[in-house]
Amino acid sequence: MNKMIQAIIAGVVVIAAIAFFVVNNLSNNSATTEASGPVEVQWWHAMGGSLGETVNAMAEEFNASQSDFIVTPIFKGSYEETITAGISAFRSGEAPHIIQIFDAGAATIINAKGAAKSVEDIMTENGYDFDITDYIQGVRYFYADANDKMIGMPFNSSTPVLYYNKAILDEAGVTPPKTWEEFEMTAEKLKAQGHIALSQSHTPWIFFENFHSRHNLQIADKDNGFSGLPTELMYNNPELTMHFEHVKEWKDKGYYGYYGKAWGDNQNAFVAQDVAMWIGSSGSFGGLKQSAQFDFGTTYLPYWNSVNSNPGTTFIGGAALFAMAGHTDAEYKAVAAFFDYLTKAETQYFWHEQTGYVPITNAAYELAKKDGYYAANPDAEVGIQQLSLHGSEWTKGYRMGFYVQTRESIYREMDRLMAGETTVADMLKAIETDGNRNLERFAETVK
């Protein structure tokens with residue numbers, strides 16, 4: 001499916017999602033008759049290819065570990081296709097027990113009261129201990145509500161990091177930059193050696209959302225949407241204006257390579273050694289080990305020392321698992337048992353090793369360290385180290401309705417800025433206008 005079709009689906013999906021959740025959640029909440037024998041639950045997910053094979057292996061191990069429950073993983077396509085399938089199923093009263101929802105769609109299901117049961121409630125109601133501080137700092141609140149109650153369980157979590165070509169940086173006599181101030185000096189030396197310094201993928205996630213988390217800056221009113229439906233997007237601020245004025249200057253000077261909105265095109269420039277550094281996902285580590293024919297290193301996402309000299313954790317990307325409403329107590333008991341299995345240190349360590357996604361709990365992180373995994377693979381630890389940095393007022397996450405459409409506005413305006421068709425000021429004004437309109441439409445939908 002091409003990107004345009006995905007974008008269209010994403011927009012339609014999120015608009016339809018909130019309406020159907022609100023209208024239907026009450027009618028679908030009634031529990032059905034308790035089943036006897038092994039209780040079967042369905043887990044709808046968006047993990048294809050090797051990720052899907054790992055998901056299947058985990059479900060098989062859980063099923064073999066006991067005789068009371070059977071979890072059936074079902075691949076439903078992309079994130080957008082999975083939530084689309086969930087909508088249709090919910091309308092017909094056949095919602096899955098567990099569904100994987102991506103980060104930009106989280107506001108929809110969390111704001112649709114009654115559509116999902118919180119992870120914390122399911123665990124405690126079924127006799128499991130639950131302490132949100134068992135999860136690493138950068139993970140624990142992203143899918144929580146305003147009272148810090150975890151609603152969706154983080155599953156495939158990653159965060160943006162800086163990858164660098166060791167040979168090219170050595171040749172230029174530079175080290176990977178910690179700050180954007182350092183980057184400008186590094187980029188000049190790399191340019192003198194004939195290299196473009198940097199590319200990056202997923203502009204909304206890295207240069208907008210994580211820019212704000214890294215520097216502890218507010219994104220939207222109502223506590224970034226945690227304490228109510230936000231009405232104002234706050235991307236048009238002096239700090240982000242300054243950042244993009246530099247980004248445009250870097251592009252014009254040949255420090256920064258912009259290869260369009262596609263994730264792969266910007267990553268491929270690094271793999272082809274057209275650029276010396278690339279900002280992507282910590283979850284890309286495993287794939288880069290296979291595709292990059294050179295030695296590379298990994299370090300934290302750079303920050304502006306002039307904005308915040310004590311930067312903290314970044315936001316996660318990826319998706320969470322939500323337990324849908326309307327099922328029996330026995331089925332929620334099965335869901336709780338499976339969630340308990342998924343969060344065990346051994347399970348998370350396996351997932352981390354196999355996929356490159358970060359382990360979501362402190363115990364799993366400690367197990368990986370004790371096992372010597374990071375001694376052999378130090379770059380695999382960078383993402384979780386960054387997510388374990390201190391949290392601050394604006395690093396918990398965000399809740400913004402119709403945010404998938406706002407991300408599309410960001411992509412559009414970034415294309416125009418890099419092409420010289422708009423200014424930074426007009427770019428941020430246009431994004432804020434579109435974003436505020438999306439927030440207003442979302443609020444009208446959930447009244």
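The largest cavity in this predicted model comes out at about 70 Å³. A cavity here is a set of points on a 1 Å grid over the protein atoms alone where a 1.4 Å probe fits but cannot get out, and lining residues have an atom within 4 Å of a point. Grid points are joined across faces, edges and corners, and the volume is the space filled by probe spheres set on them. Local features need pLDDT of at least 70 and side-chain atom pairs count only at pLDDT 80 or more, while totals for chains, interfaces and linings use all residues. Residues are numbered from 1 along each chain as its sequence is written, and side-chain values use heavy atoms, with hydrogens and water left out.

Around the largest cavity sit Val 161, Tyr 163, Ser 282, Phe 285, Thr 298, His 352, Gly 356, Val 358, Asp 379, Ala 380 and Gly 383. That lining splits into five nonpolar, five polar and one charged residue; Ala, Val, Leu, Ile, Met, Phe, Trp, Tyr, Cys and Pro count as nonpolar, Asp, Glu, Lys and Arg as charged, and the others, Gly among them, as polar. Both domain 1 (39–158 + 316–388) and domain 2 (160–314 + 402–446) put at least three residues into the lining of the largest cavity, the domain bounds coming from an automatic or database domain assignment.

In total, five cavities of 30 Å³ or more turn up. The second largest cavity holds about 50 Å³ and is lined by Trp 180, Ile 206, Phe 207, Phe 211, Arg 214, His 215, His 243, Leu 301 and Pro 302. Helix α8 (residues 203–214) supplies the largest share of that lining, four residues; helices (H or I, at least four residues) and strands (E, at least two) are DSSP runs, numbered from the N terminus. Six nonpolar, two polar and one charged residues make up the lining of the second largest cavity.

Turning to open space, a pocket is an open set with protein on both sides within 12 Å along at least five of seven lines. The second largest pocket has about 450 Å³ of space. It is lined by 21 residues, with Ile 110, Asn 111, Ala 112, Lys 113 and Asp 145 closest to its centre. Helix α4 (residues 106–111) gives the largest share of this pocket's lining, three residues. By class, the pocket lining has twelve nonpolar, six polar and three charged residues. Domain 1 and domain 2 each contribute at least three residues to the lining of this pocket.

The C-alpha centres of the two domains are 27 Å apart.

A nonpolar core is a set of buried Ala, Val, Leu, Ile, Met, Phe, Trp, Tyr and Cys residues joined through side-chain atoms within 4.5 Å. The largest one has 133 residues, and Phe 208, Tyr 235, Phe 244, Met 277, Phe 322 and Phe 339 have the most contacts inside it. Helix α13 (residues 329–342) provides the largest share of this core, ten residues.

Ser 284 lies in the loop between β8 (275–281) and α12 (285–291). Ser 284 counts as buried because its relative accessibility is 12%, the limits being under 20% for buried, over 50% for exposed and partly exposed in between (1.4 Å probe, protein chains only). Leaving out residues up to four places away in sequence, Ser 284 touches Tyr 163, Trp 263, Gln 267 and Trp 278.

Conventions
Contact = heavy atoms within 4.5 Å.
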